Amino acid sequence: MHSFSRHKNTKKKSAWNKIIAIAMLGAITITAIGIVIFNQLVTKQDVSLLMKPLPAATIIYDQDMEEVLRLSPSKSEPVEYDSLPQQLIEAVVAVEDKRFFEHSGTDLQGIGRALISNLSSGRTVQGASTITQQLAKNVFLTQERTWTRKWKELLLAQKIERNYSKQQIMTFYLNQIYFGEGAWGIKKAAEIYYGVPVEQLTLSESALLAGIIKAPSALTPYRHPDEAKARRNVVLQLMKDQGKIDQATYDASIKEPLHIRSSKPDNSNVIKYPYYIDAMIREAGEKYGLTQNEVLQGGLRFYTTLNSQMQEAVESVYAQDSNFPASSSDQLIQSGAVLVDPRDGGIKALVGGRGEQPFRSFNRAVQLKRQPGSTMKPISVYTPALEHGYSPNDTLIDEPVNFNGYQPRNAGGSYHGEVSIYESIIHSYNVPAVKLLNELGIDAGMEAANRFGLELTDADRNLGLALGGLQEGVSPLDMAEAFSVFANDGTRIAAHAITRIETADGEIVASAETDNNKAIIDPAIARTMTSMLEGVVTEGTGVEAAIAGRPIAGKTGTTEMPGTDGGMKDNWFVGFTPQLVGAVWLGYDHTDTSHYLTTTSKAAAAVFQKLMSEALKDEAVMKFPNAPGIAAKSSITKGEKNKPEKPEKAKPNKEEKKNKKHSDKDEKKEHEKGKGKKKKDEDD
């Protein structure tokens with residue numbers, strides 16, 4: 001019996017051993033195949049561009065084919081490895097890739113450290129790209145953050161490591177990298193910051209330049225000396241920790257002043273129209289797959305929709321502080337604006353910030369993501385209402401309501417009884433807009449916003465959509481493109497800066513689509529909305545945007561700053577003439593209870609008025625087409641397919657009863673959300 005049992009156990013062990021052996025063999029086979037395939041993919045990568053001589057200058061043309069900017073590759077003057085001080089190399093390695101001379105392009109240990117650090121903090125706090133990977137990204141790839149790009153980056157890094165020595169890779173890297181203040185490459189950086197040849201850089205100077213690589217705009221010592229010094233000291237600490245300098249050297253170095261030049265040298269290569277060029281670079285990457293290096297140093301010809309006169313007018317307005325509200329002592333009220341031709345989608349002018357900003361710093365005209373407030377009402381509420389048969393004269397009851405805990409209010413807490421849709425728009429009443437979206441169904445508002453090109457999320461699927469309470473927000477460019485639909489008789493054309501890209505030999509690299517027109521609303525609806533938005537400017541909340549003798553239509557928008565008494569986080573105005581759409585945003589970059597807007601909602605409208613007045617100075621006055629009559633509204637009642645929520649009438653307090661009259665001047669903001677919904681900024 002015991003013998004039989006032992007025999008049975010032996011057979012089981014033998015079976016398991018076979019399974020384990022087969023599994024191991026399979027794993028080895030799969031791994032071997034994977035390695036072969038990976039090596040084949042690496043072999044196919046072309047990295048010969050690293051050895052090519054610098055190409056011809058990149059030239060950018062405006063809408064009239066006039067040259068507005070020539071980007072000479074001579075800006076980036078290469079140096080040889082022997083000219084690089086050892087302490088500079090050690091500083092760069094210490095802060096950017098401490099195992100650079102040990103790994104083969106990808107640092108698995110670094111990836112592991114970054115993964116643990118990011119998981120423990122719950123967010124991305126540490127990157128894992130090696131110097132070789134950074135070089136691959138800068139020269140061959142776009143800046144998009146996708147797994148596909150990361151995979152290509154890995155393959156290219158492996159090929160670079162196989163083809164070139166570590167010394168060559170370091171030289172390529174330091175000759176290619178951007179150090180801020182127009183300094184491409186280490187030679188230019190040494191000149192701009194210190195006025196010395198590269199080989200004369202000291203330890204302290206080398207550490208500062210190495211530290212700048214991470215964020216050249218935010219760490220430039222000319223504009224942010226304290227941040228630059230702190231970053232330099234971080235690099236020195238890393239060098240000490242890694243045994244590159246001793247304690248005495250470290251102690252002496254961190255006490256040194258910055259030693260930068262007393263004033264930044266005049267740079268003949270200062271980029272003209274920096275925010276517009278930045279937006280063009282982003283578009284070249286997102287639409288046509290070009291890298292920053294290909295745009296700035298690729299010897300290409302970019303034909304754009306830029307109107308040089310309008311761009312100069314916009315920059316002139318933004319250069320005058322008197323055109324903007326007073327800022328706090330420690331932070332400037334920022335702004336971004338875009339001018340777009342609704343007839344072809346061409347971006348005519350663009351500015352992404354106030355004050356001195358380094359090239360390729362944060363571009364608020366295209367990168368900003370803020371809640372649009374009441375500028376969403378024409379898109380997500382009133383356009384679908386007109387499409388469902390409502391007319392400007394149809395009335396709604398403006399009264400206290402409660403949608404399952406969500407209680408929208410008007411500016412100042414006043415209510416106005418029976419009001420028309422037209423009155424609700426021009427005075428920017430909140431309650432009628434929310435009640436109307438509830439009647440139409442939230443899906444109608446979501447679908448309309450999508451047609452206008454605004455990307456929403458499931459988190460936006462609530463009645464706060466009526467007041468612009470979006471989860472992720474929008475940019476001025478997003479809103480300018482959306483409002484172009486009204487100005488262009490219901491047809492949406494994607495906003496763009498580039499019309500064509502050519503090589504120096506005239507070969508077309510890419511060109512804008514000419515058949516991207518999308519008729520998204522009926523022309524009659526667009527004209528009716530335009531007519532009502534004219535009322536916003538002539539007799540409503542947007543009177544500050546009016547231009548004498550020129551028809552203007554538009555919408556104001558604000559969002560509340562929580563924790564303040566009526567303070568605002570964002571202020572918008574989006575408006576248009578038949579030939580030009582403008583979108584303006586104002587606000588602090590970093591809002592808190594000490595940094596918020598205290599002006600009325602007229603501030604952005606006033607900036608818009610100055611921008612459009614200057615931009616259209618030499619343009620013909622054009623009238624909007626007449627709005628046709630709209631059929632009587634369709635019957636959308638409770639119990640139909642949209643199934644609106646049934647609001648409970650909230651009892652007005654004594655103050656509300658006392659204040660039953662129109663207040664069509666200032667927009668402030670209500671910011672209360674329903675049960676279970678995330679708190680969002682909304683506008684009145």
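Which residue in β10 is the bridge partner of F302? In β10, F302 has I501 as its bridge partner.

## Basis of the model

This is a predicted model, in which local features need pLDDT of at least 70, side-chain atom pairs count only at pLDDT 80 or more, and totals for chains, interfaces and linings use all residues. Residues are numbered from 1 along each chain as its sequence is written, and side-chain values use heavy atoms, with hydrogens and water left out.

## Overall make-up

The protein has 22 helices and 16 strands. Both are DSSP runs numbered from the N terminus: helices are H or I with at least four residues, strands are E with at least two.

Of its 684 residues, 53% are buried. Buried means under 20% relative accessible area, exposed over 50%, and partly exposed in between (1.4 Å probe, protein chains only). The accessible surface is about 31000 Å², by the Shrake-Rupley method with a 1.4 Å probe. Carbon and sulfur atoms hold 50% of that surface. Among contacts (heavy atoms within 4.5 Å) with a separation of 6 or more, 73% join residues 24 or more positions apart.

## The five-stranded sheet

Five strands form an open sheet with mixed pairing, in the order β2-β1-β3-β10-β11. The edges are β2 (67-71) and β11 (508-511); each has a single partner strand, so one side of each lacks a neighbour in the sheet. Neighbouring strands are turned by 15° against each other on average, direction ignored.

β3 (residues 301-304) and β10 (residues 498-502) pair in the antiparallel sense over four bridges. Two strands count as paired if DSSP finds at least two bridges between them. Helix α12 (residues 274-288) packs on the sheet and touches β1 (58-61), β2, β3, β10 and β11. The direction of α12 makes about 75° with that of β10. Axes are lines fitted to C-alpha atoms, for helices over the stretch in contact; angles run from 0 to 180 degrees between N-to-C directions.

## An enclosed helix

Helix α18 (residues 442-451) is largely enclosed by the rest of the structure, because seven of its 10 residues are buried. These are I442, A444, G445, M446, A448, A449 and R451. Their cover includes α15, α17 (430-440) and β9. G453 follows α18 and has a positive phi, near 90°.

R360 has a positive phi, near 70°, though it is not glycine. R360 sits in the loop between β5 (347-351) and α15 (377-387).

D489 also has a positive phi, near 55°. Its loop runs between α19 (476-487) and β9 (491-492). D489 counts as partly exposed, at 25% relative accessibility.
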